[in-house]
Number of protein chains: 2
Amino acid sequence: MKRTIDVCLSPDLMHLYPVEGMTVVVVDILRATSCMTTAIAHGVKSIKTFAKLPECLACRESGYLIAGERDGKKVDGCDLGNSPFEYMNPALRGKDIAFTTTNGTQAISRSAGAAQIIIGSFLNLSAVVKYLEKTTPNLLIVCSGWKGKVNLEDTLFAGALVEHLADSFEHACDAPAIAQRLYQAGRRDLKDFLKDSSHIKRLKRLNIEKDIDFCLTADQYDVVPVIRENATITG
Amino acid sequence: MKRTIDVCLSPDLMHLYPVEGMTVVVVDILRATSCMTTAIAHGVKSIKTFAKLPECLACRESGYLIAGERDGKKVDGCDLGNSPFEYMNPALRGKDIAFTTTNGTQAISRSAGAAQIIIGSFLNLSAVVKYLEKTTPNLLIVCSGWKGKVNLEDTLFAGALVEHLADSFEHACDAPAIAQRLYQAGRRDLKDFLKDSSHIKRLKRLNIEKDIDFCLTADQYDVVPVIRENATITG
């Protein structure tokens, strides 16, 4: 029997998707999981993720660098924000980072209890596909969305995983098919497909088009960031 | 400024979509809203909808016919089930029906407080589009899904409404775009597009392929069932 693949289109639907024993892929294309992938690829030692800002800030005392984003902007007093380019800095090699974002780290927090949590983004698409083909349990892709609502870019990436894993997994419900069909419709030009999405418009107002272009580029890195316990990501 | 159109892909996301002052279109293609459309088109006087079975059954004392479906099957002791063909019976003309289903009447119940609730299905697609073009407030399409999970057929119909109303409404978030793109991909052959959906498989096991074919047929009826108060549907 084939393993099953499922997609949770919003963290606010997580009560319908039990994670025990599952491999969960958390997706926040713009930009949390793209940043995490970039950071691990550039030699960051570990990333501890937090849903809440105060707990994240408290890690400074234990020697962590603090990364914080709310509503697309870097939180005042944090060392790092939510642009992947910040995480290419060679000064971050070997460092531990504490990270909280508007959506991505919330989705990670709600996936607690899974056998393992994988950080997925277009930047490490093929590496994640290769990794998931080899892992044994059933698979749940969790889209971070925007404050509980579904979004295009995370659904599109979920669809990319469903498409590339079609030979190894069968759909657990209709959400994988919705995501896959969306990816099939948009794969030729992701940026054009997403041009009217609400988050792209939001980020354009923040003047970070360079981030969007980068986050939509497939296979920049051959790393698979994994959380196995304590919400700490390692490569 | 254009009016806005939004799509709630699952009743379990309704906490994110305030309905006050809105026109809500409730969608449960397979098969609750298709049955309701058929019933009103064939002269049923009114349909009172219930999320819970005992409250629905209690209406028998007030002279209602009782329609009840759970998990795709007619509930024991009910007069009617959830097949549109049952609602073509001339004996139902002028009757009042109390109706409860697994998903559709739950979605109606969660839409309470809206300015008006419209019953949408492929069977009355053009009539609903025409009606919505003329109404003034912002619009929310609520997909009934399956026990909280999203489904293909309701999302597809939401996409049909978004597509046909594109000139009159602008998207409130990304969900309308997801639905619209899905409809654009599947509109040429709805049945083929839906052939792997979980609900189609579920209903095929119940041997009701005739229902599926009918529910996917556009513009059988020129009626717009509306709920304005007390969850009672009239034409």
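What percentage of the contacts in chain A with a separation of 6 or more is accounted for by residues 24 or more positions apart? In this predicted model, such residues account for 79% of those contacts.

**Chain A as a whole**

The secondary structure of chain A consists of 9 helices and 11 strands. Its radius of gyration is 16 Å, close to the 18 Å that the globule rule gives for 235 residues, so chain A is as compact as a globular protein of that length. Along the principal axes, the C-alpha atoms of chain A fill a box of roughly 50 × 35 × 30 Å, and 53% of the 235 residues of this chain count as buried.

| α5(B) | 152-164 | Thr155(B), Leu156(B), Ala158(B), Gly159(B), Ala160(B), Val162(B), Glu163(B) |
| α6(B) | 175-186 | Pro176(B), Ala179(B), Gln180(B), Leu182(B), Tyr183(B), Gln184(B), Gly186(B) |

The axes of α5(B) and α6(B) come within 7 Å and cross at roughly 95°; since angles of 65 to 115 degrees count as roughly perpendicular, the two helices are therefore roughly perpendicular to each other. The residues that make this contact divide into 8 nonpolar, 5 polar and 1 charged.

Helix α5(B) has 13 residues, which at 1.5 Å a residue should span 18 Å, and this agrees with its end C-alpha atoms, which are 18 Å apart. This helix is mostly covered, as 11 of its 13 residues are buried, among them Leu152(B), Phe157(B) and Leu161(B). The buried residues of α5(B) also include Thr155(B), Leu156(B) and Ala158(B), which belong to the contact with α6(B) as well.

Terms used
Residues numbered from 1 in each chain as written. Chains lettered and ligands numbered in written order. Predicted model: local features only at pLDDT ≥ 70, side-chain atom pairs only at ≥ 80, totals over all residues. Axes fitted to C-alpha atoms, helices over the stretch in contact; angles between N-to-C directions. Helix = DSSP H or I, 4+ residues; strand = E, 2+ residues; numbered from the N terminus. Parallel < 35°, antiparallel > 145°, perpendicular 65-115°, else oblique. Contact = placed C-beta atoms within 7 Å. Nonpolar A, V, L, I, M, F, W, Y, C, P; charged D, E, K, R; others polar. Expected span 1.5 Å × (residues − 1). Buried ≥ 20, exposed ≤ 12 C-beta atoms within 10 Å, placed from the backbone. Rg over C-alpha atoms; globule rule 2.2 N^0.38 Å.
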